[in-house]
Amino acid sequence: VAAAEAAAAAANAGKDEKKGKKDEKKDDTPKEVVLHFAYRTPPADFKQAIISVYDKGIESFKDVHSVESVLLPHLIRDDHLDPNFTSTDPWVEALRQRAQECLVKQEPWLQQILEALESFKDVVNLDPEAGVKKLETEPQPPAAVKAMIEDKQTRIKQVMEALPDDKEPTTVGFYRVDSSAVRNHLVEKLQQSVQLLSKSLADQLEVNIQEATSAFGSMFEKLKTEVFSIEECADMKEFLKSVPSELKKLQGAVDEAMSLTELVEELRYPLPAETLDARWEMFGSGGTVKSRSAKCLEYLNSQHEKYLNEQESEQKEFDERLNALEEVINGFSQYNDLGQVVDVAEKVRTTSEEIKACQELVRQFNSREILFDRDQTDYSGLGAMIKTFEPYNNLWKTAGDWHTNKEAWLNGAFEEIDPRYCESEVTNGIRLLFKTIRTLKENEETKAISGIAEQIKIELEEFKPYLPLV
């Protein structure tokens, strides 16, 4: 009996069928169904082979020796058996016709096998790699991917149950159909799809674990941070306040990763030891963050007390510094000699810098007192000092600048004079001294030095007509 082996036809058969639908014109002519499976050796070739064997069998009788000629060669001259029939005898033709009819009768049975295999055409058209690439562009929930894998596993069982292996060929009349090649091909395709889909889940699991672990790692690094000021201490405490909410967010990622791990293990996909270890490290990171946060809070509280004590000590020293500054400012009322302009102007400059430094310390102390959760200290006395110092500063700074500029403008090189600076100093000086003179005259203690301001103002006004020449 001839043997036929069923093989999967090219998936292009289905594509050609779709393409043909676009080009064909609409008519009522029945269309031939394009199957996705075919016999490796066409049944027509087997049919021809069987008839050929029959004809050769009839023809072979011409060369068969007769028994008589073998036993009695001296009596029988003709050494070949006379078959008493020819290939054209009616009964010979009838037997040939009967064989042909049997073959024709069995052809539909062979076709039915191919049609039965069409239930697996989805596996023929399956492209495992394309399916995984589609998941990269159109991500699906792990449960959906698991469902795909289980569907493929179910199809594997269906293929193995429906198609016998090479040890159990199917006999169809004259034919013996070996479907093992089809069986192996379909199973291999489905197994490849299962493997690639499982790998995609494992890869996603690794990414999820890495992201969660990285987020925990950032928190661990932050918790190691040392603080060197109350501002940094306050910032760290604010960070600790955000830890519970951050852990709550990360817990969702942890639960998702753990669930995905169980899902992959249920699919019996082997995970690397590194991934399994990282899974448990990630799982315990939340508790580790909490314990380290508690230790960090203890450290911050101790630093908080340390910086509080330091500031209290600094504020005591600052009070003494303010007292000294007040004495210096009040002492400017004694300077009533324009001949001291250089020394007094320098003292005004250093006092102005000291005031700025004290203002910055006041801002710093008050802002830190908020961080220490304490009432802000009243340093309004510094503002009163600044107000007292203002006329002295305006007078002696303007006088000192004029003393320096006058020498350069009247006796120096003309081309070295900066016109814009010159005009600004003169006009602004006159305007500032006008206000300063009025302020000095309002106070009995400073009325005596208002004359110095008036003298400088007169000199500036006398120089003002020269400005157009500059």
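Me: Are W402 and F463 buried or exposed?
Reply: The model is a predicted one. A residue counts as buried when its relative accessible area is under 20%. For both W402 and F463 the class is buried.

Me: What kind of ring pair do W402 and F463 form?
Reply: The ring centres of W402 and F463 are 5.7 Å apart, and a pair requires centres within 6.5 Å. Their planes meet at 65°, and angles over 60 degrees belong to one class, so the pair is edge-to-face.

Me: How many residues apart are W402 and F463 in the chain?
Reply: W402 belongs to helix α12 (residues 380-411), whereas F463 belongs to helix α14 (residues 450-463). The pair thus links distant parts of the chain, and the separation is 61 residues.

Me: Which residues do ring pairs link into a cluster with W402 and F463?
Reply: The cluster is held together by ring pairs and includes W402 and F463.

Me: Where does the charged end of R292 sit?
Reply: The charged end of R292 is 4.5 Å from a ring centre, and the cut-off is 6 Å. It therefore sits over a ring, that of F220.

Me: Which residues of helix α2 are exposed?
Reply: The buried residues of α2 are F46, I50, I51, Y54 and I58. They cover an arc of only 135° around the axis, which puts them on the same side of α2. On the other side of α2, the exposed residues are A44, Q48, V53 and K56.

Methods: Residues numbered from 1 in each chain as written. Predicted model: local features only at pLDDT ≥ 70, side-chain atom pairs only at ≥ 80, totals over all residues. Heavy atoms only, no water. Phe/Tyr/Trp six-rings, centres within 6.5 Å; stacked < 30°, edge-to-face > 60°. Helix = DSSP H or I, 4+ residues; strand = E, 2+ residues; numbered from the N terminus. Buried < 20%, exposed > 50% of the residue type's maximum accessible area, 1.4 Å probe, protein only. Lys NZ or Arg CZ within 6 Å of the ring centre and 35° of its normal. Arc of directions from axis to C-beta.
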